[in-house]
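The stops below say what to select and what to look for.

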Amino acid sequence: MLVTGERAVPFDTSTAGLGLTDDDQVLLAYKALGWLFTNEVTAASILVACVRGSGSDAAKYIGGLLFDPFLINYGGKLRDYLKSIKKGDAAYPHVRAALKSGEAYVKGLDISPEIKELRPSEYQRSVERRHAHDMMRKVRKVRKDAEKQSVFFNLVHRSTLLHGRRSITFVHLPGEKARPVSMDLHTISHSFELPRQEVIDPVGLGLTLLTFRRTRRK
């Protein structure tokens, strides 16, 4: 069963016994990469299942896909999942090779000592801050214009929270004075890991995933 989210359950099985050829296994790995790339643990678990059910050459090739593009983009839950695969598993040597390559790749990204010429100057930082400020002003103007044109905006009550841990709203009931209703505020959080190439080379990553999605059986 595939379950995604904070408590994702990997696809823990093997494709052995499904009657798939090695070419089929590679094609399945491509589709998992192309369509489930942002659900990295789920997609990687399908690749691991393919490695378990493939011949040696196909298993080595699919194991390489765990490194590129997976481990060069993700290093959190994906790496934890791959490290959970123990000795004795048919996929173990290929997973360990991918992890070793991934660690070398991440280590190579660290520039030490820092190259001064690559750091933005104070002038460049100032220009970026002004650009961000101007952009936010435009966003606020667009939002206000959209509110004025909305046919639903006047049908709902709006509250603006500036600071503090509690909000107070005054409820107006027929024949009664305005009654304050308070609500305590609590924190909520959500996180996801952004693929590294989405920042470094989004066009290249998009083309790579499109290639995986469009690949067809020979």
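Throughout, a residue is buried under 20% relative accessible area, exposed over 50%, and partly exposed in between, using a 1.4 Å probe and protein chains only. This is a predicted model, in which local features need pLDDT of at least 70, side-chain atom pairs count only at pLDDT 80 or more, and totals for chains, interfaces and linings use all residues. Residues are numbered from 1 along each chain as its sequence is written, and side-chain values use heavy atoms, with hydrogens and water left out.

**Stop 1: helix H3**

Select residues 56–71, which form helix H3. Helices (H or I, at least four residues) and strands (E, at least two) are DSSP runs, numbered from the N terminus. H3 has 16 residues and spans 21 Å from its first C-alpha to its last, close to the 22 Å expected at 1.5 Å a residue; the expected span is 1.5 Å times one less than the number of residues.

Colour the buried residues of H3: Ala58, Ala59, Ile62, Gly63, Leu65, Leu66, Pro69, Phe70 and Leu71. Then show what covers them, which includes H1 (22–36), H2 (40–53), H4 (77–83), H5 (92–109), H7 (196–200) and H8 (202–214).

For a distance check, pick Pro69 and Arg129: they are 60 residues apart in sequence and 33 Å apart in space, C-alpha to C-alpha. Arg129 belongs to helix H6 (residues 122–149) and is exposed, with a relative accessible area of 53%.

**Stop 2: aromatic pairs**

Show the rings of Phe, Tyr and Trp (its six-membered ring), which pair if their centres lie within 6.5 Å; planes under 30 degrees apart count as stacked, over 60 as edge-to-face and the rest as tilted. The structure holds 5 aromatic pairs.

Begin with Phe37 and Tyr74, whose ring centres are 5.3 Å apart with planes at 50 degrees, so this pair is tilted. Phe37 sits in the loop between H1 and H2 and Tyr74 in the loop between H3 and H4, so the pair links distant parts of the chain, 37 residues apart. Both Phe37 and Tyr74 are buried.

Next select Phe67 and Tyr105, an edge-to-face pair at 6.3 Å centre to centre and 75 degrees between the planes. Phe67 lies in helix H3 and Tyr105 in helix H5, so the pair ties together parts 38 residues apart in sequence. Phe67 is partly exposed, with a relative accessible area of 23%, and Tyr105 is partly exposed at 26%.

Then select Tyr30, Tyr61 and Phe212, which ring pairs link into a cluster. Finally, show Trp35 and Arg213. Arg213 lies over the face of Trp35, at 5.0 Å from the ring centre; a charge sits over a ring if NZ of Lys or CZ of Arg is within 6 Å of the ring centre and within 35 degrees of the ring normal.

**Stop 3: salt bridges**

Side chains of opposite charge can pair when their charged atoms come close. A salt bridge here is a side-chain nitrogen of Lys or Arg within 4 Å of a carboxyl oxygen of Asp or Glu. The structure holds 6 salt bridges.

Select Arg52 and Asp12, which form one with the closest N and O atoms 3.3 Å apart. Arg52 lies in helix H2 and Asp12 in the segment before H1, so the pair ties together parts 40 residues apart in sequence. Arg52 is buried at 17% relative accessible area, whereas Asp12 is exposed at 65%.

Move to Lys141 and Asp145, whose side chains meet in a salt bridge at 3.1 Å, N to O. Both lie in helix H6, 4 residues apart, about one turn of the helix. Lys141 is exposed at 53% and Asp145 is partly exposed at 28%.

Now select Asp184 and Arg166, a salt bridge with its closest N and O atoms 3.0 Å apart. This pair links distant parts of the chain: Asp184 is in strand E2 (residues 179–184) and Arg166 in strand E1 (residues 166–171), 18 residues apart. Asp184 is partly exposed at 45%.

**Stop 4: Glu40**

Glu40 is in helix H2. Leaving aside neighbours within four places in sequence, Glu40 is in contact (heavy atoms within 4.5 Å) with Phe70, Tyr74, Leu78 and Glu193.
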